[in-house]
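Subject: Structure handover

Hello,

Here is the structure for your files.

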Amino acid sequence: MCTLEKRGNFFILTLTGDDEHRLNPTLIASIRSTLADVKSQGAKGSVLITTAQGKFFSNGFDLRYAQAAGSVEGAKDRLLKMVDLFKPLVADLISLPLPTIAAVTGHAAAAGLMLAMSHDYVTMRSDKGVLYMSELDLGMTLPDYFTALIRSKMGSASSRRGLVLRAQKVGPEMAVEMGIVDSVHGSGEEAIEAAVRIGEELSKKKWNGKAYAEIRKALYPELCGNLGLSDTRVLPSSL
């Protein structure tokens with residue numbers, strides 16, 4: 001599951017436990033509920049940092065949950081349900097009215113990597129962890145909003161090709177080169193500390209959260225079209 005801690009202007013969302021933080025309907029609902037709390041409690045200067053306990057940030061959709069349906073068709077239905085349930089979670093992050101930072105303290109694969117990349121900034125530990133889009137190795141296509149997110153966040157065509165058409169297992173240094181993460185650090189704790197430093201700089205600005213969210217959305221028109229997010233005009237309150 002996940003917890004939310006408030007430290008001054010910081011909201012710290014942590015995926016708890018030592019498991020793989022597989023994204024099943026229960027965990028997805030828990031994260032979305034927590035993000036709703038962040039949205040309702042946030043103010044000028046607020047920042048969200050998302051991280052995880054254990055050696056995984058998130059290992060993607062919960063395939064064991066899907067297989068527990070007991071039949072091939074049932075498993076496919078459960079997997080498609082998770083794809084559908086995760087889409088509004090990505091939309092929540094893309095439209096959240098405050099800066100967001102993912103501190104990737106372990107492996108992040110498939111939907112777990114998409115969770116990290118849905119944040120504005122990503123820090124990563126250098127001593128452990130890989131990033132990996134496993135769909136090609138599993139023999140399945142990517143949801144359209146996954147592809148839109150990758151195109152929106154990774155500017156290099158060769159990097160996108162390596163991630164999704166070669167199913168590369170990307171280490172920390174390569175992740176920086178490919179534009180997936182912003183910086184790498186010696187340990188999970190240092191990755192979180194780096195996220196806090198970024199957050200401190202952003203928090204000082206005390207931007208209008210609604211304006212921040214709308215400007216973010218405007219950067220990713222294809223992704224927002226896939227997510228069903230529309231634009232809203234925001235004007236200075238002093239006019």
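This is a predicted model: local features need pLDDT of at least 70, side-chain atom pairs count only at pLDDT 80 or more; totals for chains, interfaces and linings use all residues.

Residues are numbered from 1 along each chain as its sequence is written, and side-chain values use heavy atoms, with hydrogens and water left out.

Sheets

Helices (H or I, at least four residues) and strands (E, at least two) are DSSP runs numbered from the N terminus. Two strands pair if DSSP finds at least two bridges between them.

An open sheet with mixed pairing is built from six strands in the order 1-2-3-5-7-10. Its edges are strand 1 (2–7) and strand 10 (183–185), each of which pairs on one side only. On average, neighbouring strands of this sheet are turned by 20° against each other, direction ignored. Within it, strand 2 (residues 10–15) runs parallel to strand 3 (residues 47–52), with six bridges between them; T14 has T51 in strand 3 as its bridge partner. Helix 9 (residues 188–205) packs on this sheet and touches strand 2, strand 3, strand 5 (100–104), strand 7 (121–125) and strand 10. Contact here means heavy atoms within 4.5 Å. The direction of helix 9 makes about 155° with that of strand 7; axes are lines fitted to C-alpha atoms, for helices over the stretch in contact, and angles run from 0 to 180 degrees between N-to-C directions.

The other open sheet to note has four strands in the order 4-6-8-9, also with mixed pairing. Strand 4 and strand 9 are at its edges with a single partner strand each, so one side of each has no neighbour in the sheet. Strand 6 and strand 8 (residues 131–132) run parallel and are joined by two bridges, and A108 has L131 in strand 8 as its bridge partner.

Aromatic pairs and charges over rings

Rings of Phe, Tyr and Trp (its six-membered ring) pair if their centres lie within 6.5 Å; planes under 30 degrees apart are stacked, over 60 edge-to-face, and the rest tilted. This rule gives six aromatic pairs. One of them is F61 with F86, edge-to-face at 5.7 Å centre to centre and 90° between the planes. F61 is in the loop between strand 4 (56–58) and helix 2 (63–67) and F86 is in helix 3 (residues 72–94), so the pair ties together parts 25 residues apart in sequence. F61 is buried at 9% relative accessible area, and F86 is buried at 0%. (Buried is under 20% relative accessible area, exposed over 50%, partly exposed in between, with a 1.4 Å probe and protein chains only.) Ring pairs link F61, F86, Y145 and F146 into a cluster.

Y145 and F146 are also among the buried residues of helix 6 (residues 144–153), together with A148, L149, I150 and K153. Their cover includes helix 3, helix 4 (111–117), helix 5 (135–138), helix 7 (157–165) and helix 11 (221–227).

A charge sits over a ring if NZ of Lys or CZ of Arg is within 6 Å of the ring centre and within 35 degrees of the ring normal. R78 has its charged end over the ring of Y65, 4.4 Å from the centre. K169 lies over the face of Y132 at 5.0 Å from the ring centre.

Backbone angles

A110, in the loop between strand 6 (107–109) and helix 4, has a positive phi near 50°. A167, in the loop between helix 7 and strand 9 (169–170), has a positive phi near 50°.

Regards
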